[in-house]
Amino acid sequence: MKYQTLDQLQTIAKVEPSATYPTMSRTQRIERWAKLLEQNPRRCLGALSGTEYLSPEARAVARGAGSPITVAYEDPVLRAMGLKDDTYGEAKRFFELSDWQLHNIVCHCHVGATMQARWAAARVRRTITGNRLLAWLRARFVH
């Protein structure tokens, strides 16, 4: 390997510093995911099947090609922020979602085998604003 200075490299290639991104809050990461989905609102996305019936281990590694999680993983900014892959478990960790919240976004029991990206965006965004009545009921009656 030949050592070259940055000035020498600039003559043969466009050299840019590594992109650095400011740290995003949970809300900012979720909002970015929703905006990514809204960029192509009619995109047909695949749903994950039966996430509520999977063991925690199987649920963590579950994935579906072309799912709403895949849209997030396709974004270089979210990957640079730490999104490691497009599995259910990684989305749950990275976006700081509960199983219930992520299930509502990606599971086929809500939409069938496929969904439009705009529908998924609305579900993603709802994790920020929430439905306070449903959250209260869930906290009271679901163990």
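## Terms and model

Two residues are in contact here when they have heavy atoms within 4.5 Å of each other. Please read what follows as a predicted model, in which local features need pLDDT of at least 70 and side-chain atom pairs count only at pLDDT 80 or more, while totals for chains, interfaces and linings use all residues. Residues are numbered from 1 along each chain as its sequence is written, and side-chain values use heavy atoms, with hydrogens and water left out.

## Overall layout

The protein has ten helices and two strands, taken as DSSP runs numbered from the N terminus (H or I, at least four residues, for helices; E, at least two, for strands). Along the sequence they follow the order α-α-β-α-α-α-α-α-α-β-α-α.

Of the 143 residues, 33% count as buried, that is, under 20% relative accessible area with a 1.4 Å probe and protein chains only. Among contacts with a separation of 6 or more, 62% join residues 24 or more positions apart.

## The largest nonpolar core

A nonpolar core is a set of buried Ala, Val, Leu, Ile, Met, Phe, Trp, Tyr and Cys residues joined through side-chain atoms within 4.5 Å. The largest one here has 29 residues, and W33, L37, L78, F95 and L102 touch the most other members. At least two core residues come from each of α2 (26-38), α4 (68-73), α5 (76-80), α6 (88-94), α7 and α9. Helix α2 gives the largest share, with five residues.

Setting aside neighbours within four places in sequence, W33 is in contact with P68, I69, A72, F95, L97, L102, I105 and V124. L37 sits in helix α2 and is buried, with a relative accessible area of 1%. Not counting residues up to four places away in sequence, L37 touches L45, P68, V71, A117, A120, A121 and V124. L37 and A121 are 84 residues apart along the chain, yet their C-alpha atoms are separated by 5.4 Å.

## Helices α2 and α9

Helices α2 and α9 pack with their axes 8 Å apart, at an angle of about 165°. That makes α2 roughly antiparallel to α9, a label for angles over 145 degrees. The crossing is left-handed, meaning that the near helix is turned anticlockwise from the far one by less than a right angle (clockwise for right-handed).

On the α2 side, the contact is made by R26, T27, I30, E31, W33, A34, K35, L37 and E38, and on the α9 side by A117, A120, A121, V124, R125, T127 and I128. By class, the contact has nine nonpolar, two polar and five charged residues.

## Helix α7 and its surroundings

Helix α7 (residues 99-106) also meets α9 (residues 117-129): their axes come within 8 Å and cross at roughly 165°. This makes α7 roughly antiparallel to α9, and α7 passes α9 in a right-handed crossing. Q101, N104 and I105 of α7 meet W119, R123, V124 and T127 of α9. These residues divide into three nonpolar, three polar and one charged.

Which residues of α7 are buried? They are L102, H103, N104, I105 and V106. The buried residues of α7 pack against α2, α4, α6, α8 (108-111), β2 (114-116) and α9.

Technical notes
Axes are lines fitted to C-alpha atoms, for helices over the stretch in contact, and angles run from 0 to 180 degrees between N-to-C directions. Angles under 35 degrees count as roughly parallel, over 145 as roughly antiparallel, 65 to 115 as roughly perpendicular and the rest as oblique. Ala, Val, Leu, Ile, Met, Phe, Trp, Tyr, Cys and Pro count as nonpolar, Asp, Glu, Lys and Arg as charged, and the others, Gly among them, as polar. Buried means under 20% relative accessible area, exposed over 50%, partly exposed in between (1.4 Å probe, protein chains only).
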